[in-house]
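Please look over the model below before reading on. The paragraphs that follow go through it part by part.

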Amino acid sequence: MHIVSLAGGIGGARFLRGLRATEPDALITVIGNTGDDITLFGLRVCPDLDTVMYTLGNGIDEEQGWGRAKESHVVKEELAAYGVEPQWFGLGDRDFATHIVRSQMLEAGYPLSQITQALCARWQPGVRLLPMSDDRCETHVVIEDEHGRRAVHFQEWWVRLRASVPAQSFALVGVDTAKPAPGVLEAIEQADVVILPPSNPVVSIGTILQIPGIRDALLPKTVVGVSPIIGGAPVRGMADACLTAIGVETTAQAVLELYGSDLIDGWLVAEEDEGVALGGVQVVARPILMHDTGAAADIARTALDLAQELAR
């Protein structure tokens, strides 16, 4: 079986761990969000790709859900001692190595898709991890604060400001000329089913869907999504702030409508959201809180079973 999954950061990575556990013999292709990517200290950082790679490669800091396990921060402290900015974004010493390798390979002319493959050769995540695009696309956020109306990189809004300043809009800079990374459209075409994990529907899954050609390629496929919203609140993170910025309610119903019935064939929601409905979409209510790998595997199994049923 060939499964394609679109994924953002922590929620996507933990769901994928459950998917891999429940279907170990499947060929799983993961199309990762790169809109969060940023250049810091002269190094190219790809937070969502790395979170998937570290999580599935058993190198993630399980407590925080990102970064390396058993991390130290000597380099960060030394950079701060020199007064180097930004000091609001912390990279660990082990994590620095990944970004150094990626940046060296980019400088040598390798595309991000080949670099990601090379990094995964060490971590052996058990999936084929592809960036959504080799082209540089970065999510920026329009805000208004004491400095006036301005655009900041998504990471500054998310990490430094903690989404405390309301976002007025999001812009994926570079998307107009971006192309799907090599292998992305082919993987979708060959997929038996497509699963959307409970990643942020605006700045993770939504960002991937903005890359020209990806959403259109998905429309003929059987697509099942797992709601990132339970009982009117995000499972993790600040998806509510992102949804509010685009005028969408923080509900499983509203996120389903955001994706649309042309894209979604099946929608997995929490038991408390059992009343969700949209014409042309089969909605299934089950426990969807991923409190451990076993629970994630159960959720993935339910989503996959629904996708296979709908694909017949």
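Which residues in helix 1 meet which residues in helix 2? From helix 1 come Ile-10, Ala-13, Arg-14, Leu-16, Arg-17 and Arg-20, and they meet Thr-51, Val-52, Thr-55 and Leu-56 in helix 2. By class, this contact has five nonpolar, two polar and three charged residues; Ala, Val, Leu, Ile, Met, Phe, Trp, Tyr, Cys and Pro count as nonpolar, Asp, Glu, Lys and Arg as charged, and the others, Gly among them, as polar. Contact means heavy atoms within 4.5 Å. Helices (H or I, at least four residues) and strands (E, at least two) are DSSP runs, numbered from the N terminus.

The structure is a predicted model, in which local features need pLDDT of at least 70 and side-chain atom pairs count only at pLDDT 80 or more, while totals for chains, interfaces and linings use all residues. Residues are numbered from 1 along each chain as its sequence is written, and side-chain values use heavy atoms, with hydrogens and water left out.

The axes of helix 1 and helix 2 are 9 Å apart, and the two helices pack at an angle of about 35 degrees. Axes here are lines fitted to C-alpha atoms, for helices over the stretch in contact, and angles run from 0 to 180 degrees between N-to-C directions.

Next come the spaces in the model. On a 1 Å grid over the protein atoms alone, a cavity is a set of points where a 1.4 Å probe fits but cannot get out, and a pocket is an open set with protein on both sides within 12 Å along at least five of seven lines; lining residues have an atom within 4 Å of a point. Grid points are joined across faces, edges and corners, and a volume is the space filled by probe spheres set on the points.

The count comes to one cavity of 30 Å³ or more, and the largest cavity has a volume of about 30 Å³. Its lining consists of Ile-10, Arg-14, Arg-17, Thr-55, Ile-60, Glu-62 and Gly-65. Helix 1 gives the most to this lining, with three residues. By class, the lining of the largest cavity has two nonpolar, two polar and three charged residues.

The largest pocket has a volume of about 1,100 Å³. Of the 46 residues that line the largest pocket, Gly-9, Ile-10, Trp-66, Trp-158 and Arg-236 lie nearest its centre. Two or more lining residues are given by each of helix 1 (10–22), helix 2 (47–56), helix 4 (93–107) and helix 6 (154–160). The largest share, five residues, comes from helix 2. The classes in the lining of the largest pocket are 21 nonpolar, 15 polar and 10 charged residues.

Ser-204 lies between strand 9 (193–196) and helix 8 (205–210). Leaving aside neighbours within four places in sequence, Ser-204 is in contact with Gly-8, Gly-9, Asn-33, Asp-48 and Ser-199. Ser-204 counts as buried because its relative accessible area is 6%, where buried means under 20%, exposed over 50% and partly exposed in between (1.4 Å probe, protein chains only). Glu-23, in the loop between helix 1 and strand 2 (27–32), is also buried, at 17%. With the neighbours within four places in sequence left aside, Glu-23 is in contact with Ile-3, Ile-28, Arg-301 and Leu-304.

Towards the end of the chain, Leu-310 is found in helix 12 (residues 293–311). With a relative accessible area of 27%, Leu-310 is partly exposed. Not counting residues up to four places away in sequence, Leu-310 touches Thr-222, Val-224, Asp-265, Gly-266 and Gln-282.

Backbone geometry remains. The peptide bond from Glu-85 to Pro-86 is cis, with omega near 0 degrees, and Pro-86 sits in the loop between helix 3 (74–81) and helix 4. Gln-124 is not a glycine, yet its phi is positive, near 50 degrees; its relative accessibility is 56%, so Gln-124 counts as exposed. Arg-162, likewise not a glycine, has a positive phi of about 55 degrees and lies in the loop between helix 6 and strand 8 (169–173).
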